[in-house]
Amino acid sequence: MSNAVTALNGAEARDGIATITEVALQGMITLRGDLASKPVAKAVKAAAGVAVPKPGTAAVVGDSGVCWMSPDELLILCPYDTVAETVAQMNDTLAGVHALVADVSDARASFRVAGPAAREVMAKLAPVDLHPDAFAPGMFRRTRMAQVPAAFWMPDTDSFQIVCFRSQAQYMFDLLKVAAQKGSGVSVFQ
Amino acid sequence: MSTRLATGGRRLNRDAGVRFSFNGQSLKGVEGDTLASALLANDQMLVGRSFKYHRPRGIVAAGPEEPNALVNLGQDAAFEPNQRATTTELFDGLTATSQNHWPSLEFDVGAINAKLSRFMPAGFYYKMFIHPRPLWKHVYEPFIRQAAGLGKAPKGRDGDTYEHFYAHCDVLVVGGGIAGLTAAKAAADSGARVLIVEQTAHWGGRAPVDGGTVDGLPVDKVVDDLVSALRDMDNVTMRLRMMGAGVYDHGYVLGYERLTDHAPDLDGPRHRLWRIRAGHTITATGAIERPLSFAGNDVPGVMLAGAVRDYVVDYGVSVGDRTVVVTNNDDAYRTAIALNAAGLSVPVILDARVPSVDSPLMAQAKAAGIRVMMGHGVAKVLGGKRVTGVAVCAQAGEGAVLEEIACDAVAMSGGWSPVVHLWSHCGGKLVWDTQFAMFRPDVDKSPLGADGAPFVSAAGAANGHFGLAEILGDAHAMGQGAARRTGHTPAKSAAPAGDSIEEAPMLPVWLMPQGASRALRSKAWLDYQNDVKVSDVQLAAQEGFESVEHAKRYTTLGMATDQGKLSNINGLAILSDALNQPIPQTGTTTFRPPYTPISMGAIGGEARGDVFQPIRRTPMHNWHDQNGADWEPVGQWRRPYAYVRAGESTHDAVMRETRNVRENLGLLDASTLGKLVVKGPDAGKFLDMLYTNMMSTLKPGKCRYGLMCDENGFLIDDGVVARIDDQTFLCHTTTGGAERIHGHMEEWLQTEWWDWQVYVANVTEQYAQVAVVGPNARKALEALGGMDVSREGLGFMEWADGTLGGFDVRAYRISFSGELSYEIAVRASEGQAFWDALMAVGADLGVMPYGTEALHILRAEKGFIMIGDETDGTVIPQDLGLHWALSKKKDDYLGKRAHLRSHMADPERWKLVGLETLDGSTLPDGAYAVAQGTNANGQRNMQGRVTSSYHSPNLNKGIAMGLVLHGPDRMGEVIDFPGTDGTVYKARIVSPVFYDPDGEKQNV
């Protein structure tokens, strides 16, 4: 619907050592269930076109995909305007199965941190080993960034996509701007 | 005189002059100087006054162990006190002022304390000021506080920024001297990821100053080669100006990187705190030279022998024309030889030892024509603000002066102590080494990781090895060992071969001369920064402070900002001697992080200003802000307390909003309330356990208010539960309760009821929720158009999905105000648009947004409790008259058994009532009601307290709720609430429901 807006109306910052942009509304669905079960695999395949990912990984192409959140939780990504039908479809597939499907698209904000220094900006905020040998596209991490919970993956080798709670979008954006401030390059990953 | 030599100074770029100021005086240094070397080059030996006696003090060291040369650095937003001149790199425009003196450094009134020093021994303050007791708080302490302290506190905000950085590596090497570089290379050759950090701006440490060869090459060349080899390796990260500050459990190490201290004009943060996870840490932190304890060892011009050597070799600075060297070991001979080579005079080397044959270094000094007096030492130093000479005595005697020798500097060496701080931080033990009279790391008692294996190794001088050959061998082995411990296979390689000059054994000398008189001992300083002398430690021992930890606190030995880097070992040797026990039996005090002080800014990192803490904002936050919101923090959320209009006070706004809800239409942003989806075949059973009342019988489409207790029976949350379908419930929590109750549910599901089929998801932020409240609420929703919101279509305590004004909504017919009320949930992304739509249709219906204070007053008028006001973690439902919400049909629920405990069932528990002042005024919130008599402590007995209190504009009087002894049985009784303003408030006990007790207004 045309009334829907992101938390920061697509804010961006380009004058630091990495560019920071708020990502457009993204369909997100929480799925809790038995990840080893056939109905879950079927629901995931139907919703995102991929298999259930292994722990610590994500299979994301564009705005569709699946991220591993915990031993009994996945995050399904889909285009924002198809969320309702995807949720309904998943609920159909999982009818009679003990599982929980919840639309959380509007509970979240997404940011993109891009540029050769993106890894360093992230490593200032998240207690994660971001060495290229340790974290690369295809991986997914649920963690903390400074004082708030967050999750991220790498759409390509020079950028990160971050998901956080919508209420903390301004904090996250301000935080990333501080971490990307001019002259703050660390020069450890290049 | 200290001065700059015409030649020398390996760290200097003499072509680049640097201007700086000290105490307002403009001085010149050169690029590569530290502030200390530049001050010495300008003959500024006197740099401060001591803490207690205000004695003149000069530079003693050349590194982080410096106790005296602390300065106020910078101005205004860049001001910082207590900065060590020896570790401050000089830059153009640096401004420094000396500390702890008044009115000036040269003439200081506080120096009178020095004359009184006989009367101010250890424990002086404790003994002097204990009686009479009240004087301490009101007279002595304020006075002492004024006089105490080293630097000044900054006045303004810090103008710099700071940050953290999370780093991971297999092997962390702390210390970039020859040992650290060698260990790093040995580890890196295995392919391990290596991070090596060095606190100064230079690689190589002491080795280039002390000289020697490695595999036939000069050691400074070897350092350069190692540095360039490491730089070329992809698996190695090298950082200068970064100190290993502390070692913690699980391989966690803090690194303190100083980015712009040496170049304030650079962009970016000033300091960066590295939060490192290392598989294995090697501490190659070197060693610190010990002073000798002789009378007058604090007179400016008395310095550590190694530092005197550093200033000549590294900075081309002579600390004096004539330098007397006094030592108990061979290393100080290197200083004499270096000074001699620089063309400076060394009148004598006083060596406390009496060796049978000369060691190579002794022979070299003698061959250079330097006079050496074996078995001799310093009786006392002559001079006040500057050394003018030394009185020589026999070390074996009591200090009879044999000869006076004129000099302007004294280079002393009492031997070397390995820097074991980082080794010790996480439990590494020490062993006493009798050969070098020092504590060294005990390799059999290393700091152990979670797997029981050592996770820290010491290498080189930090491990008690001093010859170049021993250092390199140890460092190479430790580097390979660290690689092995982190799962790598070290390359087959031999340690680089260093040459070690054979040295004569050192002689432990803890007091010079060994039989020094009381007068001499009273001028022999142990701790320069806190002014502790040999006589003070001896007095402490005599007075029974036998534990080293007690003696430390009684004398303040080692408690200054340098944490006893120079003083501790000498102090505990004196203590051991006084107690007549061996040094290892006395032991050391505890080494705690950080190694040297780190900035508060670095600890805070990015968390300041806008990002000091995460503030949570609802989708309508900006609208509230633009419409006069006076913010109230609720957890990390900000909620409008009231919307204040021009010309209104906040109180006026609250009154207006409260009235308007009852008369017209109010909108409340209720988005912050927690929303938890609970789903599964066992969801009903689960909620029956969590809530005190029955939830499993709730029909889909219906809502029920519920109470939650913890297992001890205390109220922890409340809220409305809506049954969505057979297996799905939506539980509303308080604003502050969403994450906490979510965690509470998960904990029970994961630990106790793991076999129940229930999933929980926190969907709080998915929805913007607006309470539409007041007589015009239905009209407003009907004006939006869409779903049926009529009395019949959506009854009280029902919910339905539908559309309103084109928005997909879930509408709940629930009321926390006693008015006709709906809470409408829409997608958060559409929250603002929905709010705008409501404001538009409400324009003709008297709509006003209202804040949390109006919400509170409205609920208090109705006698509804609020978690956090009526409850404080000690209140149970029975206290609040909520028996109706305690199911008697259920076998069990959390808190049920606890409620049976005798204290919980005690009829003496205070119970909820309403309170009304006799004169209509408002009771002070939190006031206590007094009863007759006093308790065992002589305090007035109490019989109740106010839990909520407001002025109600709808009833035009003060209304309150409170917990009162036997309250419900005492209706109409008047009790006294003394206020803090001296007034006694008289209040009548009444029903807590002040407004519309029959609930007619919400049922329309």
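How many residues does the contact take from chain A and from chain B? It takes 42 from chain A and 37 from chain B; residues are in contact if their C-beta atoms, placed from the backbone, lie within 7 Å. This is a predicted model: local features need pLDDT of at least 70, side-chain atom pairs count only at pLDDT 80 or more, and totals for chains, interfaces and linings use all residues. Residues are numbered from 1 along each chain as its sequence is written, while chains are lettered from A and ligands numbered from 1 in the order in which they are written.

**View 1. The side of chain A that touches chain B.** Strand E3 (26-32), strand E7 (100-103) and helix H4 (169-179) of chain A each supply at least two residues. Helices (H or I, at least four residues) and strands (E, at least two) are DSSP runs, numbered from the N terminus. H4(A) gives the largest share, six residues.

**View 2. Helices H23 and H24 of chain B.** H23(B) (residues 777-784) and H24(B) (residues 831-842) pack at about 110 degrees, with axes 9 Å apart. Axes are lines fitted to C-alpha atoms, for helices over the stretch in contact; angles run from 0 to 180 degrees between N-to-C directions. The two helices are therefore roughly perpendicular (65 to 115 degrees). From H23(B), B:Ala780, B:Ala783 and B:Leu784 meet B:Ala837, B:Leu838, B:Val841 and B:Gly842 of H24(B).

**View 3. The fold of chain A.** Chain A has four helices and 11 strands. Its C-alpha trace spans about 55 × 40 × 25 Å along its principal axes. Buried residues (20 or more other C-beta atoms within 10 Å of their own, C-beta atoms being placed from the backbone) make up 49% of the 190 residues.

Technical notes. Two residues are in contact if their C-beta atoms, placed from the backbone, lie within 7 Å. Angles under 35 degrees count as roughly parallel, over 145 as roughly antiparallel, 65 to 115 as roughly perpendicular and the rest as oblique. A residue is buried if 20 or more other C-beta atoms lie within 10 Å of its own, exposed if 12 or fewer, and partly exposed in between; C-beta atoms are placed from the backbone.
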